[in-house]
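Hi,

Here is the structure I promised to pass on. Have a look at it first, and then read on for what turned up.

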Amino acid sequence: MDKHILDVISGKVDDFMEINQIARELFLSHKHLTDILQKETGNHPCHYYDLKILDEAKRMLSETDKSIAEIAKILTYDPSNFSKFFKKFIGQTQGQFRKENKK
């Protein structure tokens, strides 16, 4: 999954895979992948995926000067939807996060 996310960010891949596609790549059924991750982490695979994407967003916000809209587009999100997504999980806007965490 980490490699896939990096492939999307670098532009090698145009869009994120769906959970069923990830399961297929791992030679698992969608249900089996979901069951394993829920048992091990307590969360659905989508939650894990979202957290990995947010880790990359936070890294780009703190380590680059890319605009928030550009970061959203790199991560295949519409900028306004990405703002809502980010704030829901992180509890602050991307601008607030960048201001507090800029390296």
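Which residues does Gln 92 touch, not counting residues up to four places away in sequence? They are Phe 86, Lys 87, Phe 97 and Glu 100. Before I go on, please keep in mind that this is a predicted model.

Some more on Gln 92, then. You'll find Gln 92 in the loop between H6 and helix H7, which covers 94-101. Gln 92 counts as buried because its relative accessibility is 15%, and the cut-off for buried is under 20%. With one of those partners, Glu 100, there is also a polar contact: the two side chains are joined at 3.4 Å.

Next, Phe 82, which has its place in helix H6 (residues 79-90). Leave aside the neighbours within four places in sequence, and Phe 82 is in contact with Ala 57, Ala 72, Leu 75, Tyr 77 and Gln 94. Take Ala 72 from that list: it is ten residues from Phe 82 in sequence, and the C-alpha to C-alpha separation is 6.0 Å.

Now for a helix pair. How do H4 and H7 pack? Helix H4 (residues 45-63) meets H7 at an angle of about 55°, and the axes are 8 Å apart. Angles under 35 degrees would count as roughly parallel and 65 to 115 as roughly perpendicular, so H4 and H7 are oblique to each other. Their crossing is right-handed. On the H4 side, the residues involved are Lys 58, Met 60, Leu 61 and Ser 62, and they meet Gln 94, Phe 97, Arg 98 and Asn 101 of H7. By type, the residues of this contact divide into three nonpolar, three polar and two charged.

Last, two backbone spots to look at. Phe 27 has a positive phi, near 60°, although it is a residue other than glycine. Phe 27 is found in the loop between helix H2 (19-25) and helix H3 (30-41), and it counts as exposed because its relative accessibility is 78%. Thr 76 also has a positive phi without being glycine, with a value near 65°. The place of Thr 76 is in the loop between helix H5 (68-74) and H6. Is Thr 76 buried, exposed or partly exposed? At 31% relative accessibility, Thr 76 counts as partly exposed.

Cheers

Definitions and conventions:
Residues are numbered from 1 along each chain as its sequence is written. This is a predicted model: local features need pLDDT of at least 70, side-chain atom pairs count only at pLDDT 80 or more; totals for chains, interfaces and linings use all residues. Side-chain values use heavy atoms; hydrogens and water are left out. Helices (H or I, at least four residues) and strands (E, at least two) are DSSP runs, numbered from the N terminus. Contact means heavy atoms within 4.5 Å. Buried means under 20% relative accessible area, exposed over 50%, partly exposed in between (1.4 Å probe, protein chains only). A polar contact is a pair of N or O atoms within 3.5 Å; within protein, one must be able to donate a hydrogen and the other to accept it, and residues adjacent in sequence count only if both atoms are side-chain atoms. Axes are lines fitted to C-alpha atoms, for helices over the stretch in contact, and angles run from 0 to 180 degrees between N-to-C directions. Angles under 35 degrees count as roughly parallel, over 145 as roughly antiparallel, 65 to 115 as roughly perpendicular and the rest as oblique. A crossing is left-handed if the near helix is turned anticlockwise from the far one by less than a right angle, and right-handed if clockwise. Ala, Val, Leu, Ile, Met, Phe, Trp, Tyr, Cys and Pro count as nonpolar, Asp, Glu, Lys and Arg as charged, and the others, Gly among them, as polar.
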